[in-house]
Amino acid sequence: MKSFLQIVKRSYAQIATRPLFWFALVVCPVLYIFFLTNEMESGLPLNAPAGIVDKDHSQLSRQVTRTLNGMQLVELTQEANSFTEALEDVKRGRTFGFFMIPENYQADLLAGRAPEITFYTNMTYFVPGTLLYKNFKTTAVYTKAGTIMSIAQNATGATQQELTPLLNPINVITRPIGNPWLNYTYYLCSGFVPGVLELMILLLTAYTICEEIKRGTSVEWMRMAGGSVIKAVTGKLLPQTIMWWVIVLAALSWMVGWNHFPMNGSLGWLIVSALLFVLACQGFALFICCILPNLRLAVSLCALTGILAFSLAAFSFPVPSMYGAVGIFSWILPVRYYYLIYALTALDGLPLYFSRFYFAAYFAFILAPFTMLWKLRKHLLKPVYLP
């Protein structure tokens, strides 16, 4: 027990005296959590800058412009005289898209000649581009429907109530599940925050273990542990585990308690999931260190795995729609199981039964390195660093 406490004190001393550990353990995660939640505080990007090209300058085209500018998600900041000028504004980043009204728009529409309204969005910036596309399309459709209704009323004398079922025979009611507020904060933070935490845990764990081999200090480390690799690794990672637990619980409290993220299920099981998530990430990184006990290779593989988690963990693209050879890698990422447990517990309000297999996956990650610790022990007792 005394030797174990000596290893823990040694690990705490390394953390306290090296700025790298403070940056990876505290500064980076805290700054990212505050940045992401404050950046999306309104819940949805508002007033995306857009352009308008009005070649008609009629009463109807000005009405379309006012309608478009009155939308909450659109702000017409540029008025161009031509397609080329509006496209240049998009290329220079002044706008994320533009709406173009053709010449003789009102005359052609009233004469039944079906003029074409075109709009362009810069999908390089996916969120504002998508929002502009949605609002541009809505404006075009409702403008067309309103004009047809006016013409039909003048021609037939029918009332608006009589014409509405003809123009819109099917009334669509949209009910978003899990996030009915369409709040981007709930979507981004619930996936990206644990994704960043996973990346930092993987990197720091791999660096902590393999650095001992690189510097040749692993022999002294193992001597303090009495030759027990389990005691050595546990004492080495325990201080980091405690600090990571504090970080993940603080992040959970910040999002659920302070920012009022939806919590329809058991907060207790979500806390357990967060604690096991840290252990699963450390177990995954330790397993990589057992397979590749080399600082450069282990850290590189952890970095690659952590970065790919943002696209492979299915935060925004479903795994069944991925290529099979790609989608299979989503199941070797601890953050994937945390996200599924969060969605089932916090958003859907389902009991533990529906998340039982994902909790079991945590324990698979935690126990995986125990199958290869014998290999790591050999390299710790006889460290040979290969650059």
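Let's start with the sheet: four strands make up an open sheet, ordered S2-S1-S3-S4, with mixed pairing. Two strands count as paired if DSSP finds at least two bridges between them, and strands (E, at least two residues) and helices (H or I, at least four) are DSSP runs numbered from the N terminus. At the edges stand S2 (74-80) and S4 (118-121), each with a single partner strand, so one side of each is left without a neighbour in the sheet.

Please keep in mind that this is a predicted model, where local features need pLDDT of at least 70, side-chain atom pairs count only at pLDDT 80 or more, and totals for chains, interfaces and linings use all residues. Residues are numbered from 1 along each chain as its sequence is written, and side-chain values use heavy atoms, leaving out hydrogens and water.

Now, how do S1 and S2 pair? Strand S1 (residues 48-54) runs parallel with S2 over six bridges.

Let's move over to helix H16, residues 373-381. Here Leu373, Leu376 and Leu380 are buried, meaning under 20% relative accessible area, with exposed over 50% and partly exposed in between (1.4 Å probe, protein chains only).
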